[in-house]
Structures are given as C-alpha cells and as structure tokens.
Amino acid sequence: AAVMALGPSAAGVGQLGRRLTVASSHIVMTEPVPDVLDSVGWTGGESITDARAYVHYLRTTPDGRIAFGWGGGRMAFGARVGGRIEVDPAVAAEIRRHLVRFFPALEGRRVTHAWGGPIDISPAHLPAFGTLAGGRAHYGFGYTGNGVGPAYLGGRILASLALDSRDELTRLALVEPASAPVPPEPLRWIGGNLIRSAFLRKEAIEERGGRAGAATELVAGIPARLGVHVGR
Ligand SMILES: Cc1cc2nc3c(=O)[nH]c(=O)nc-3n(C[C@H](O)[C@H](O)[C@H](O)COP(=O)(O)OP(=O)(O)OC[C@H]3O[C@@H](n4cnc5c(N)ncnc54)[C@H](O)[C@@H]3O)c2cc1C
C-alpha cells in the first residue's frame, strides 16, 4: 500500500483534484520588541487569532518578537504551489500594514522575516481521508490551515487504511466523506479570486463599521450557497 500525505499537492492527483482548492497563507516576524509586548501586557506567550474569514493569527516568540500571519494570500492555479504561493512580497507588505494597524507602536520597527506556503482547503474545512480507486493508495488532505494537531490523528487513520484494519478510525466521518466538488480550472481560479476580492472588500468595509454593497454581499455569499466554507 502507498500513503499520499501530500498536503496541497494532493490537488495534482487526478482523483482528488476537484476536492480541494489551494491558497497561500503568509507570516511576518518582527525584530525583538519586548518593550511593545510589555506595554500591551502580552507577556504570557498567548497565541491569538481573530474570527474573520481570512484569519489573522499571531503569537510571540521567547526572544520577544511577534510572528503575525494572515490567511488572505493568493489562490493557486490548480496544484501550482511554488512562486508567489510560497513567498509573496506584496502579501508580506500587506501583512506588515495589518500588523501595524493591530499594534501602532510597531511603526518604524523592523520586520526581519517573512514566509508563506500553500494551504489545502477542503470545501467542508475538514480533512478527508480515503483510498483511491484501485485500492492500493490511501490519501489524507484538506487540513485547511489547521493541520499541525489533526495530522497526528490523520496519520493514525492512514495507518489503519494502509493495514486494511477496518477499525474505529477507518469508520470516522472524516473517511470517504461526501463532499461538494470544487469547479475545474480555470473556473476555480477565476471564481476563487472574485470571491476572495469580495470577502476582502467586505471585511475592510465592516472593519470601518460600514456595510458592504449588494454586489459584494452577493459574490461573498456564493460559497455558502454552494455548501463551501471560505476562510481558514
Ligand atoms: C504559513 C502557514 C502557517 C500555518 N500555520 C498553521 C498553524 O498555526 N496551525 C496549524 O495547525 N497549521 C498551520 N498551517 C498548516 C499546516 O502546516 C498544515 O496543515 C500541515 O503541515 C499539514 O500536514 P500534512 O502532513 O498534510 O502536509 P505537509 O506538512 O504540507 O507535508 C506534505 C509533504 O508532501 C511533500 N510532497 C508533496 N508532493 C510530493 C510528491 N509528489 N512526492 C513526494 N513528496 C511530496 C511536500 O514536500 C511536503 O513535505 C500553516 C501553514 C502555512 C503555510
């Protein structure tokens, strides 16, 4: 048996290609700023996330830096996970602006690192496991940007599938779930970008206390009407 735990590259596997989309998530990291952390009382190493569709996630490091991520990076075309999906200077610059909006005291302080990578987004926002037609190759994908903990369970599920154990792990609802198919390329990329733009516009307007226009709401509402979750 073979196990394919390919992350976003699962989108390049013929039988899985219509079951996930790929978009990038990026992080920037500041120089040590213990004075800023002290001033806002963020000294316990807490990790923080907000609740938007394109989520911000942030934490401190032991040497007093802030690592600040944003799940609003670009859509990948199909399974092309290189280039700007991995390192996108424009998205890193955008995240720096978000960082300073969150922490105005960081204006003028250095960002020393920036990086990103592809996220395997499943329409249900839950990972999926199963066996390809032919019965010899088993797959797990779709952690949707939250795979560090769940990949442990995923590994156990894949081991049970590979051993043909038919136990409580292979009977979980995450195994061979019914799922709404994502559109084929180039529709996925074009539609995904339109929806991403609508969500970003809507969230920016709502952050200023406004209400998005009807066209923006209509486009941002398409995924929900198709049974697809958007965001991380
Ligand atoms: C910027 C960023 C921030 C993130 N932050 C968090 C977070 O805070 N919390 C969290 O839980 N998750 C986070 N994630 C997501 C997390 O990294 C993934 O969910 C997790 O790594 C998925 O594990 P995986 O084993 O499925 O895939 P991966 O860790 O992606 O591993 C897949 C491996 O398959 C290899 N591969 C691909 N194609 C082939 C091939 N054809 N042949 C051989 N090997 C191949 C790849 O090189 C890779 O090593 C983040 C991701 C990014 C990019």
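Arg74 counts as partly exposed because its relative accessibility is 23%, a class lying between buried (under 20% relative accessible area) and exposed (over 50%), as judged with a 1.4 Å probe on protein chains only. This is a predicted model in which local features need pLDDT of at least 70 and side-chain atom pairs count only at pLDDT 80 or more, while totals for chains, interfaces and linings use all residues. Residues are numbered from 1 along each chain as its sequence is written, and side-chain values use heavy atoms, with hydrogens and water left out.

Arg74 forms a salt bridge with Asp88 (a side-chain nitrogen of Lys or Arg within 4 Å of a carboxyl oxygen of Asp or Glu), and the closest N and O atoms are 2.5 Å apart. This pair links distant parts of the chain, 14 residues apart, with both Arg74 and Asp88 in the loop between β5 (66-70) and α2 (89-102); helices (H or I, at least four residues) and strands (E, at least two) are DSSP runs numbered from the N terminus. Asp88 has 2% relative accessibility and therefore counts as buried.

The structure holds 13 salt bridges, including those tabulated here.

| Salt bridge | N to O distance |
|---|---|
| Arg74 – Asp88 | 2.5 Å |
| Arg65 – Asp63 | 2.8 Å |
| Arg166 – Asp164 | 3.0 Å |

For the remaining tabulated pair, Arg166 is exposed at 62% relative accessibility and Asp164 is partly exposed at 48%.
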